[in-house]
Amino acid sequence: MNSVEQKLLEKIADLHKVPSGAFNLRKNGQAEMRNSTKDIEIIPKKNKSGIDIIIKPNVKNKSVHIPVIITIGGLHDLVYNDFYVGHDSDVVIVAGCGIHNKTCKTSQHDGIHTFHIEKNARVKYIEKHVGEGNPDGKKILNPVTKILMKENSFMEMETLQLEGVTSTIRKTNAKLYDGATLHIQENILTTDSQTAKTIFKVDLIGKDSSVEVTSHSVAKDNSYQEFKSDLIGKNQCFGHVECDGIILDNARIVSTPMIDAVDSNASLVHEAAIGKIAGDELIKLMTLGLSQSEAENMIIQGFLLG
């Protein structure tokens, strides 16, 4: 790999070399490298682009990396990945896509990921998106995540988009059965005239199922962000959505909540707070010698990265 490709992998998957475990690297619409292990099998699909990732039952403390990089202009990459997570397993899945587009053409990646999580399984899923290169060449990323969680399973999903993506539509649709728990943390930064739209829909079907969704977003310059959430409680369950946004310059953020308590024992909550950086925070940092721009950047990094 050249230096551009290596830097993309570092940004989206924290990879400095080829991982020793299970992995699949996709580059410019084609499988570049792949490795399965005795615990995690990666199989290419026969009838369409993508892979099946099969994690066997009772697998503990294992990880699988499936990054995607695009380094050419004019490519529209569409891929379907299915994750089959065996019962009582505990795994980390690292995905994400980096686009380096040095042309004036559009580069686009649409990834459709479907999770089939069996009873008592635990999954941590990390997805990072990065765009870079010629500002006149569009970098478009449209991830779709479908989640089916069986009894007493747990999933933690972290999504991060911090630079360079011209536009994105991010869709997550989850169905949770008895005792299933889903935690989602989303962090998005848009600048210039970039746009980002997030759509969450979670069906709390099972008794004592629960979901926590937290979205932190920063919109700068003339960028636009839209956040939509739809929680449907169909049993004794708990759902909480929190959307916090910071606006700078001429940017705009729209938050649209929907909660639907079909069952009288459903407890559903939505919170939203959108505004500018507090003046006292800026003043405090500027008294320490930082410029206003440096102070704003420090606050934003802390807000997005915790």
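This report looks at the cavities, then at some paired strands, and then at one leucine.

## About the model

This is a predicted model, in which local features need pLDDT of at least 70 and side-chain atom pairs count only at pLDDT 80 or more, while totals for chains, interfaces and linings use all residues. Residues are numbered from 1 along each chain as its sequence is written, and side-chain values use heavy atoms, with hydrogens and water left out.

## Cavities inside

A cavity here is a set of points, on a 1 Å grid over the protein atoms alone, where a 1.4 Å probe fits but cannot get out. Grid points are joined across faces, edges and corners, and a volume is the space filled by probe spheres set on the points. Searching the whole structure turns up 3 cavities of 30 Å³ or more. The largest cavity has a volume of about 90 Å³. It is lined by 13 residues, and His109, Gly111, His113, Glu127 and His129 are the closest to its centre; a lining residue has an atom within 4 Å of a point.

Two or more lining residues come from each of the elements β10 (107–117) and β11 (122–133). β10 gives the most, with 3 residues. Strands are DSSP runs (E, at least two residues), numbered from the N terminus. By class, the lining has 6 nonpolar, 6 polar and 1 charged residues. In this scheme, Ala, Val, Leu, Ile, Met, Phe, Trp, Tyr, Cys and Pro are nonpolar, Asp, Glu, Lys and Arg are charged, and the others, Gly among them, are polar.

## Strands around β15

Now follow strand β15 (residues 167–176), which pairs in the parallel sense with strand β12 (residues 139–141) over 2 bridges. Pairing requires that DSSP finds at least two bridges between two strands. Leu141 has Thr168 in β15 as its bridge partner.

β13 and β15 also run parallel, joined by 6 bridges. With strand β17 (residues 195–204), β15 pairs in the parallel sense over 10 bridges; there, Ala174 has Val202 in β17 as its bridge partner.

## A closer look at Leu148

Where does Leu148 sit? Its place is in strand β13 (residues 144–149), and its bridge partner in β15 is Lys175. Leu148 counts as partly exposed because its relative accessibility is 30%; buried means under 20% relative accessible area and exposed over 50%, with partly exposed in between (1.4 Å probe, protein chains only).

Beyond its neighbours within four places in sequence, Leu148 is in contact (heavy atoms within 4.5 Å) with Phe115, His116, Ile117, Lys175 and Tyr177.

Key:
On a 1 Å grid over the protein atoms alone, a cavity is a set of points where a 1.4 Å probe fits but cannot get out, and a pocket is an open set with protein on both sides within 12 Å along at least five of seven lines; lining residues have an atom within 4 Å of a point. Helices (H or I, at least four residues) and strands (E, at least two) are DSSP runs, numbered from the N terminus.
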